[in-house]
Amino acid sequence: MGTDPGTSKPGDQVIRVTYLLTALDVSCLFMQFAVTPYLARTLGLDTVGFGYLQTVFGILQLVGGPIFGRFSDQYGPRAALTLSFLSASIYYLILAFTTNIPFLFLSRLPSVFMHGLPGAQMIVTDLTTAQERAGALGKLGLCFGLGIIIGSSLGGYLATRFGLYTPTFMALAASLVSSVIVMIYIPAQTKAKQEGRTHERSETGSRPGKPSVFNLGELVRLLQFPGVMAVFIIKVLSGFPIGVFMLMFPIVSVDFFGLNAATAGYLMSYFGILQLVVQGLMVGRLTSRFSDDTMLLLSIAVSMVVGLGLTVMSNVFHFCVIALPMVFSLCVSGVITDSILTKAVPPSETGAMLGICASIQPLIRTIGPTIGGYLYKHYGVPSFGLFNIIISLCLLMYLVNGQPRRNVGKDK
């Protein structure tokens, strides 16, 4: 559905509200990330126990992502985002009254349905054309970066000035307000304009009716669409080495760079600012000029350069230089693969596809620390760069020599 450049489509307001909700959701989450290690230490949780806490969070997110995606497809984005923000509210409520370690672990349980960013991606996917999609998804990354900066700095300030539990109460209030905004401004169904294409489900072999949101067979079926599995594997592998390095970054910043907690926090804020620049100024412009295939190749090539940089990195200044192409590679590959995968499945099932994609980061958070710890202990920081070079080189050779055939779908 094309429109003149100067006109505003009916869904534009919904997308703008979705961007606002994403920034609020990520800000609340990173307020907790900023203070949870200190709260855990206050309650007597050691480093190993904190690792278990992070693993529990990763597993719950891993399990909940695909289920949340199917829930959104079947019940609409309003119900899905309301579920996400109410789950977040319960998470913050329990955390606000946590006075012992069991309650700290209990607070993680609602996170199984905390998927504000994937929910926002589903709305943007439904309300944009195939040509607009990559740029619109890139702007969500801009909101994500803004949320990192606001949440990390505000959480630290509130905790220092008013106590460790203050950011939690602030996040609880913001999540409840976000739930109200969702009920007022987000339509019950954003796929209404595409409902006439339900015959696509029968053509792809799915069963009639509305299968359960817990039906894992439906998720497997999506991965069997032409070209989908190949792109999904590319998505997993392209972000895995850098993801493992970033999981180990708190340790690297102390042991390798010799930074204190405050300086390490500033470095993470710098990372967030870079994401704002890349998502806000670069991704949208590049995706409007170049094809998805070209952008994917570019991101993998840049990733190889990042790997080379990590192998020779020896100080913080080197990392600050490497961080820009690192953020560029992560952002571009993430946005482009999301765009390709949502084009490759029927419009009625883009939510489930994004839900599957949302499970990748929790998967990395679950198994990444074990791999990263082994690499760092036995081979040091250069091993992360070499790992990234090997993976990126294999992906680049695959993409150049035989790009997967994709059914990017028709007009969306």
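This is a predicted model: local features need pLDDT of at least 70, side-chain atom pairs count only at pLDDT 80 or more; totals for chains, interfaces and linings use all residues.
Thr82 touches Val182 and Met183, not counting residues up to four places away in sequence; contact here means heavy atoms within 4.5 Å. Thr82 lies in helix 3 (residues 77-96), where helices are DSSP runs of H or I with at least four residues, numbered from the N terminus.

Residues are numbered from 1 along each chain as its sequence is written, and side-chain values use heavy atoms, with hydrogens and water left out.

The chain as a whole contains 16 helices and zero strands. Of its 412 residues, 54% are buried. Among contacts with a separation of 6 or more, 84% are between residues 24 or more positions apart.

The interior may be described through its nonpolar cores, which are sets of buried Ala, Val, Leu, Ile, Met, Phe, Trp, Tyr and Cys residues joined through side-chain atoms within 4.5 Å. The largest has 79 residues, of which Leu21, Val228, Phe245, Met313, Phe319, Met326 and Met353 touch the most other members. Helix 10 (residues 228-255) gives this core its largest share, 13 residues. Apart from it lies another core of ten residues, including Cys28, Met31, Tyr91 and Ala174. Beyond its neighbours within four places in sequence, Leu21 is in contact with Leu81, Phe85, Ser178, Ile181, Val182 and Ile186.

Leu341, in helix 13 (residues 316-343), is buried, with a relative accessible area of 1%. Setting aside neighbours within four places in sequence, its contacts are Val228, Val231, Phe232, Lys235, Met353 and Cys357. Leu341 and Lys235 are 106 residues apart in sequence, yet their C-alpha atoms are 9.8 Å apart in space.

Leu146, Ile150, Leu154, Tyr157 and Phe162 make a nonpolar patch of about 460 Å². Such a patch joins nonpolar side chains (Val, Leu, Ile, Met, Phe, Trp, Tyr) within 5 Å, from residues with over 30% relative accessible area and no salt bridge. Ile150 belongs to helix 6 (residues 130-162) and counts as partly exposed because its relative accessibility is 38%.

Terms used: Patches are made of residues with over 30% relative accessible area and no salt bridge: like charges are joined within 9 Å, nonpolar side chains (Val, Leu, Ile, Met, Phe, Trp, Tyr) within 5 Å. Accessible areas come from the Shrake-Rupley method with a 1.4 Å probe; for residues, only the protein chains shown count as cover. A salt bridge is a side-chain nitrogen of Lys or Arg within 4 Å of a carboxyl oxygen of Asp or Glu. Helices (H or I, at least four residues) and strands (E, at least two) are DSSP runs, numbered from the N terminus. Buried means under 20% relative accessible area, exposed over 50%, partly exposed in between (1.4 Å probe, protein chains only).
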